[in-house]
Amino acid sequence: MVLNVVVFVIQLSIIMYCYGTLIRGLYFTKTVCAETDGERSEKKKLVITFMLVTIGFFVGYTPAIVSYVIIPSGDGTTDVSFYVQLTAVADFIFVVSLCFNPFIYAFRSTNFKEGFKNVILCRNPQRHDGSCTA
């Protein structure tokens, strides 16, 4: 039970650090994409995409962690099959939430959409020019 909570906190810390570093590089130190007039809206779109993916991850992952914490701390009077079903539903929600990530990226990023088309249609990938278009 404690291990599940510790793993959850570690994952949350890593995600927050990585996204914080990206946001700092986008807006403050300007080390991720040099800013031109048109790129401010692209940066905002990129940050919103990061937030959507992160929120989706935690919406899907939190029920799984809760179910793993509840099962060991059960009161002993509840049928074990209830906890097994709860865990199965929570795991399903987590897996489904992960399946939405490619769709979030595809709807929010033209580069990802084009790359995805290239992979599906077995085309040669285009070289990326280093711009930060989303």
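Phenylalanine 57 and phenylalanine 94 are both buried in this predicted model. The two residues form an edge-to-face aromatic pair, with 6.0 Å from centre to centre and 70° between the planes. This pair links distant parts of the chain, since phenylalanine 57 belongs to helix α2 (residues 39–70) and phenylalanine 94 to helix α3 (residues 80–99), 37 residues apart.

**Aromatic pairs around phenylalanine 94**

- Tyrosine 61 also pairs with phenylalanine 94, in an arrangement that is tilted, with 5.1 Å centre to centre and 50° between the planes.
- Because tyrosine 61 lies in helix α2 and phenylalanine 94 in helix α3, this pair ties together parts that are 33 residues apart in sequence.
- Tyrosine 61 is buried, as is phenylalanine 94.
- When neighbours within four places in sequence are left aside, the contacts of phenylalanine 94 are Phe57, Gly60 and Tyr61.
- The structure holds 4 aromatic pairs, and one aromatic cluster is formed by Phe57, Phe58, Tyr61 and Phe94.

**Nonpolar core**

- The largest nonpolar core consists of 6 residues, namely Phe8, Phe57, Phe58, Tyr61, Ile65 and Phe94.
- Helix α2 provides the largest share of this core, contributing 4 residues.

**Contact between α3 and α4**

- The axes of α3 and helix α4 (residues 101–108) come within 4 Å of one another and cross at roughly 25°.
- Since angles under 35 degrees count as roughly parallel, this crossing makes α3 roughly parallel to α4.
- On the α3 side the contact is made by Ser97, Leu98 and Cys99, which meet Asn101, Pro102 and Phe103 in α4.
- Sorted by class, the residues in the contact of α3 with α4 are 4 nonpolar and 2 polar, with no charged residues.

**The chain as a whole**

- The secondary structure comes to 5 helices and 0 strands, and from the N terminus on the elements run α-α-α-α-α.
- Of the 134 residues in the chain, 22% are buried.
- Among contacts between residues at least 6 apart in sequence, 60% join residues that are at least 24 apart.

Methods. Residues are numbered from 1 along each chain as its sequence is written. This is a predicted model: local features need pLDDT of at least 70, side-chain atom pairs count only at pLDDT 80 or more; totals for chains, interfaces and linings use all residues. Side-chain values use heavy atoms; hydrogens and water are left out. Rings of Phe, Tyr and Trp (its six-membered ring) pair if their centres lie within 6.5 Å; planes under 30 degrees apart count as stacked, over 60 as edge-to-face and the rest as tilted. Helices (H or I, at least four residues) and strands (E, at least two) are DSSP runs, numbered from the N terminus. Buried means under 20% relative accessible area, exposed over 50%, partly exposed in between (1.4 Å probe, protein chains only). Axes are lines fitted to C-alpha atoms, for helices over the stretch in contact, and angles run from 0 to 180 degrees between N-to-C directions. Angles under 35 degrees count as roughly parallel, over 145 as roughly antiparallel, 65 to 115 as roughly perpendicular and the rest as oblique. Contact means heavy atoms within 4.5 Å. Ala, Val, Leu, Ile, Met, Phe, Trp, Tyr, Cys and Pro count as nonpolar, Asp, Glu, Lys and Arg as charged, and the others, Gly among them, as polar. A nonpolar core is a set of buried Ala, Val, Leu, Ile, Met, Phe, Trp, Tyr and Cys residues joined through side-chain atoms within 4.5 Å.
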